[in-house]
Amino acid sequence: MPILQNILFLLLPSLLTLFFYFYLFLWKRSKPTPNLPPGRRCQLPFFGETFSYLKSHSAITTGHFMQHQIARYGKIYRSNLFGDPTIVSADAGLNRFILQNEGRLFECSYPKSIGGILGKWSMLVLVGEMHQSMRMIALNFMSNARLRSILLPEIERHTLLAISSWKEDVSFSAQDEAKKFTFNLMAKNIMSMEPGEMETEKLRKEYITFMKGVVSAPLNLPGTPYSKALKSRSNILRVIEKKMEERSHERNEEKEEEDDLLGWALKQSSLSKEQILDLLLSLLFAGHETSSMALALTIFFLEGCPKAVQQLREEHQIIARRKMERGETGLDWEDYKQMEFSQCVINETLRLGNVVRFVHRKAIQDVRYGVLPVFAAVHLDSDLYNEPQQFNPWRWQRCSTGAASNNNFMPYGGGPRLCAGSELAKLEIAIFLHHLVIKFRWELTEPDCAYAFPFVEFPKGLPIKVHAIT
């Protein structure tokens, strides 16, 4: 008997452990669980599958990891990304549903590190009424009337300024030129800073450091890209703050104010100083980064498609001849509306290049889950587009058989958070293309291609040579 008691005593911890294991197992089984899609559950703590998802890959693909996940689980699957359990959607219908139900069923939810870099009042991270107020300021500033009368001439002026510095048969980075062009354009229209001036160039260099931190690991340690970016953010905000003070003095002295976004925000809104600073910084970020890469990608895709270049050149030569016959100089809105094939080229570049590859959302009803609508996966879906990895601008022509559907095309998001500058971005590319194709032929000086990590970049800077058309 004592022996049996000793055995039971020794087994008691194991029996209790077994009891609690089955109790907890049955309790978890009895709890109602949301109807979640398939996916992996065993992942690294916090990081989950983030590193695998963000691994560098060709921009005209979704990457090996996501291709494997879709093949295994389908277009909607469960993962763990950016520190949260996440539903990943490569499905066009669900992505549209998520974007259209912003604020009702879903809400913008970017990693905290993004807010730390861009600021808590950045349009990218704001939700609700405050986001709507900020977005309305941006929409009013980039209204159709301003696009026609103010922004279009400015785009053409900056285009001519950019290409005037190019030398024939000398290799240069098309990516750097595109970034310089869009930065100068945004700096002018946000704060009336002229290209080439010392202050503008200094701000542009600070911005390059700032951007490296946005896409880096959020480690605020001395010498890290994130730490350097936070310092650059402070330097950029000091420049904007200085401009705000100058405007206050001009207003007191009743001088004529500049017609830029800073002046617009000061006159037309009741935003605080901190809110204006974050608004201008976030629009400088959004207006520069996506537009510059879209332009660089356009140059890249066209270089590999001579037929498209020829048709594009013919379209713009017709516009140029009409202007000459009428004795007009400078493009106008009617000229822009004649650039129909240019719009096909722009759409195809945005579809294939996927500058905005995904957005962060979270479900705010039923179950609090991160949601990642992946636009790139939809744009490269062979069920929706024939030969999706081929550059084919003719797929966007209305008269073509099997013309691409705009219902599946979301290069700038959609719903209440549709990019406020989407029309401005397309206008920039179209005007730049006009002067590029009628003045130059171009070629790559060494092989290069765009990679996503997670933003799209050309590792070698897209080196090209240009040859003047006589």
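Biologist: Are H9 and H12 roughly parallel or roughly perpendicular to each other?
Modeller: Helix H9 (residues 198-214) packs on H12 at about 85°, with the axes 12 Å apart. Angles under 35 degrees count as roughly parallel, over 145 as roughly antiparallel, 65 to 115 as roughly perpendicular and the rest as oblique. H9 and H12 are therefore roughly perpendicular.

Biologist: What kind of model is this?
Modeller: Residues are numbered from 1 along each chain as its sequence is written, and side-chain values use heavy atoms, leaving out hydrogens and water. Local features need pLDDT of at least 70, side-chain atom pairs count only at pLDDT 80 or more, and totals for chains, interfaces and linings use all residues; the model is predicted.

Biologist: Which residues of H12 meet H9?
Modeller: Contact means heavy atoms within 4.5 Å. From H9 come Tyr207, Phe210, Met211 and Val214. By class, the contact of H9 with H12 has seven nonpolar residues, one polar and one charged. (Nonpolar covers Ala, Val, Leu, Ile, Met, Phe, Trp, Tyr, Cys and Pro; charged covers Asp, Glu, Lys and Arg; the others, Gly among them, are polar.) The H12 side is Leu281, Leu284, Phe285, His288 and Glu289.

Biologist: At what angle do H6 and H12 pack?
Modeller: H6 spans residues 128-141 and H12 spans residues 273-303. Their axes, lines fitted to C-alpha atoms over the stretch in contact, are 12 Å apart. Angles run from 0 to 180 degrees between N-to-C directions. That makes H6 oblique to H12, at about 60°.

Biologist: Which residues of H6 make the contact with H12?
Modeller: H12 brings Gln275, Leu279 and Leu283. The residues of this contact divide into six nonpolar, one polar and no charged. The H6 side is Met130, Met134, Ile137 and Ala138.

Biologist: How do H13 and H17 lie to each other, roughly perpendicular or roughly parallel?
Modeller: The axes of H13 (residues 306-325) and H17 come within 9 Å and cross at roughly 95°. H13 gives Leu312, Arg313, His316, Gln317, Ile319 and Ala320, while H17 gives Ala430, Leu433, His434, Val437 and Ile438. That contact has seven nonpolar, three polar and one charged residues. H13 and H17 are therefore roughly perpendicular.

Biologist: Is Glu387 buried or exposed?
Modeller: Glu387 sits in the loop between H16 (375-379) and H17 (422-439). Its phi is near 45°, positive in a residue other than glycine. At 61% relative accessibility, Glu387 counts as exposed.

Biologist: And Leu462, buried or exposed?
Modeller: Leu462 is in the loop between S10 (456-457) and S11 (463-468). Leu462 is not a glycine, yet has a positive phi of about 55°. At 0% relative accessibility, Leu462 counts as buried.

Biologist: How many helices and strands does the protein have?
Modeller: Helices (H or I, at least four residues) and strands (E, at least two) are DSSP runs, numbered from the N terminus. Of the 470 residues, 50% count as buried. The secondary structure comes to 17 helices and eleven strands.

Conventions
Buried < 20%, exposed > 50% of the residue type's maximum accessible area, 1.4 Å probe, protein only.
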